[in-house]
Amino acid sequence: MTIPSEDHAADAERIAATWRRRGARITPRRRELLDVLLAARGHLTALDVAELLHDDGSGVDVSTVHRSLTDLHRIGLVYRVAVKGPRGQVSHAYRLVGPTEYTAFCTGCQEVVPLPTPVALRAARSLARASGFELSTEAPAFSGSCPACRDGQGPTG
Ligand SMILES: [Zn+2]
């Protein structure tokens, strides 16, 4: 199990390393994007992230940010929620999966779903005892159907 870290730099490096292993080129801009997500205290939209990146005076393209966030979601490094804007338009907001959080991937709606940590930890330990296989938290550990998809409602967002 990974020890939770208060050190953003170490966390950013850990996430960047996983992202790189999944085929991404870690540009300075992507590294800054990870810093913004690590400093966030909730979900951020691509526009939020772009504005925060823009604070240092450099220009940033929202669609580039959006592509990076979509990529992070695809490989299970961020959670995504649907948020409604003032005119009813739906966009997505993202937050990083924590270093000790186990997640599952829903094959129905393609969402990364948080698993209750104590339950997931017990399952991971039992699995390790029974098979010697150690579950990692750096990607969704299981795939299946989320409650909404299992009820036949599909994604709710
Ligand atoms: Zn689902």
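1. In this predicted model, three strands make up an open sheet with mixed pairing, ordered β5-β4-β6, where strands are DSSP runs of E of at least two residues and helices runs of H or I of at least four, numbered from the N terminus, and two strands pair if DSSP finds at least two bridges between them. Because β5 (112-114) and β6 (142-144) each have a single partner strand, they stand at the edges, and one side of each is left without a neighbour in the sheet.

2. Strand β4 (residues 103-106) runs antiparallel to β5 and is joined to it by three bridges; within β5, Val113 is the bridge partner of Ala104.

3. The axes of helix α3 (residues 46-54) and helix α4 (residues 62-74) come within 9 Å and cross at roughly 120 degrees, the axes being lines fitted to C-alpha atoms over the stretch in contact, with angles running from 0 to 180 degrees between N-to-C directions. The contact is made by Ala46, Leu47, Val49 and Ala50 of α3 with Val62, Val65, His66 and Leu69 of α4, contact meaning that C-beta atoms, placed from the backbone, lie within 7 Å.

4. As for the protein chain as a whole, it holds six helices and six strands, which follow one another from the N terminus as α-α-β-α-α-β-β-β-β-α-β-α.

5. On conventions, residues are numbered from 1 along each chain as its sequence is written. As this is a predicted model, local features need pLDDT of at least 70 and side-chain atom pairs count only at pLDDT 80 or more, whereas totals for chains, interfaces and linings use all residues.

Methods
Contact = placed C-beta atoms within 7 Å.
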